[in-house]
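Q: I would like to learn how to read a model like this one. Can we go through it feature by feature?

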Amino acid sequence: MAKNLLAFLAVVIFLFSFREARKVLFPKPSYFPKPEYNFKNNPLDSNAIKLGRYLFFDPVLSKDSTISCASCHSPFNAFAHTDHSLSHGINDTIGRRNAPTLFNLAWQNLFMWDGAINHLDFQALAPLSSPAEMGESLNHVLQKINKQTFYEKAFKAAFDSNEISGERFLKALSQFQLTLISANSKYDRVRLEKEQFTEQEKRGYLLFSQNCVSCHIEPLFSSYEFESNFLPLNAFLNDNGRVEVTLNEKDSMKFKVPSLRNLSFSFPYMHDGRFTKLNEVLNHYTDSTVQAQFLKSINKSPIYLSGDEKVDLIAFLLTLNDKEFVFNPKHRFPKELLTKTKE
Ligand code: HEC
Ligand code: HEC
């Protein structure tokens, strides 16, 4: 009798330790704020992260199986879409906005350039069903992957049951995206006193602190709030930003402040990808009409920079490039997807 009980306990402990071994602690850098994402409802699990990565790179998520999330969010571009000012979806349809970078998402509450989505777990529904992006429906994707033994196994490994539900699908996608943390740029290593800025980078940092940090707050380099940096309206796209969500006139032409990490990988810049180079961005901020608008607005100061100062400021911005993040093998196309047979 006692022997049976011991054997039973051994099995329970064995199974439990298996589950424990899959637990992934969210790797928050010491000087980052507290994350906004509530991990209690979706605790990180190594198998669920894997599943999310498969889904992120799998074109089965689109109507004609040609477009994956990664088609517009490429790991080598800090998960933005380089070369495309506006995103491209199925059948060569062109979207209205530039695909943003994806990293440090756990610190954000509102998603999209205008904050139309208020939870990461629901975000994927937007591209999935948008006719200009993947043109699919969640139900139909679930039907498709339900027939694939590859996903049957992957869902079972992640959630310890056979059920392939929309909730699990979305949670797994979030899990993978939550692990996309960019925190190993030269700036980060300087913060950790492992490296030092050059004299030029120090001058650039000072200029950044005087002119940019009010919106591009350290260490995430964004407040993740909605602001206007007085870009003139693109008449063709007629995109007025945040006001389209809040219907409050004061939000007209406000867009989510993007992070300035990984700028060398994520061009073109701004919600419509109108600039390809950083000096074009700085020339925008120092344009006299833009300066006049900054001057007119409450709590905002115009930005004045000489040619030399622009060079120094760019030198600082380049210290925010995180090559380890961009070239991390864990963020690439998972080879296991190639073993998936078409069913
Ligand atoms: C056709 C290109 C395209 C595809 C495919 C696509 N996205 Fe996007 N993604 C975009 C664009 C464009 C935006 C910005 C949309 C907006 O602001 O209205 C965006 C925004 C996002 C955001 C919000 C980021 C932020 O900073 O607010 C997340 C997260 C995201 N996409 C994840 C995904 C996932 C997951 C998939 C696959 C299910 C996916 N995307 C598929 C183009 C795409
Ligand atoms: C008043 C707030 C504010 C200030 C101050 C500000 N920015 Fe911005 N910045 C924004 C907003 C908002 C956007 C996005 C605008 C859009 O796409 O319509 C942006 C976009 C950018 C982008 C494009 C990033 C991308 O991924 O598309 C860069 C680069 C940038 N800012 C650099 C700077 C620099 C450098 C300074 C200081 C000289 C600065 N910003 C000052 C609010 C601000």
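Q: Where is His 73 found?
A: Helices (H or I, at least four residues) and strands (E, at least two) are DSSP runs, numbered from the N terminus. His 73 sits in the loop between helix 3 (69-72) and helix 4 (120-123). This is a predicted model: local features need pLDDT of at least 70, side-chain atom pairs count only at pLDDT 80 or more, and totals for chains, interfaces and linings use all residues. Residues are numbered from 1 along each chain as its sequence is written, and side-chain values use heavy atoms, leaving out hydrogens and water.

Q: What is the only protein donor of the iron atom of ligand 1?
A: Donors are N, O and S atoms within 2.8 Å of the metal (3.2 Å for Na, K and Ca); water is not among the atoms, so sites may look incomplete. Here the only protein donor is His 73 (NE2), at 2.1 Å.

Q: How many helices and strands does the protein chain have?
A: The protein chain has 16 helices and two strands. Its radius of gyration is 22 Å, close to the 20 Å from the globule rule for 343 residues, so the chain is as compact as a globular protein of that length. That radius is taken over C-alpha atoms; the rule is 2.2 Å times the number of residues to the power 0.38.

Q: Is Ile 13 buried or exposed?
A: Buried means under 20% relative accessible area, exposed over 50%, partly exposed in between (1.4 Å probe, protein chains only). Ile 13 has 56% relative accessibility, so it counts as exposed. Ile 13 belongs to helix 1 (residues 2-22). Buried residues make up 51% of the 343 residues in the chain.

How values were computed:
Chains lettered and ligands numbered in written order.
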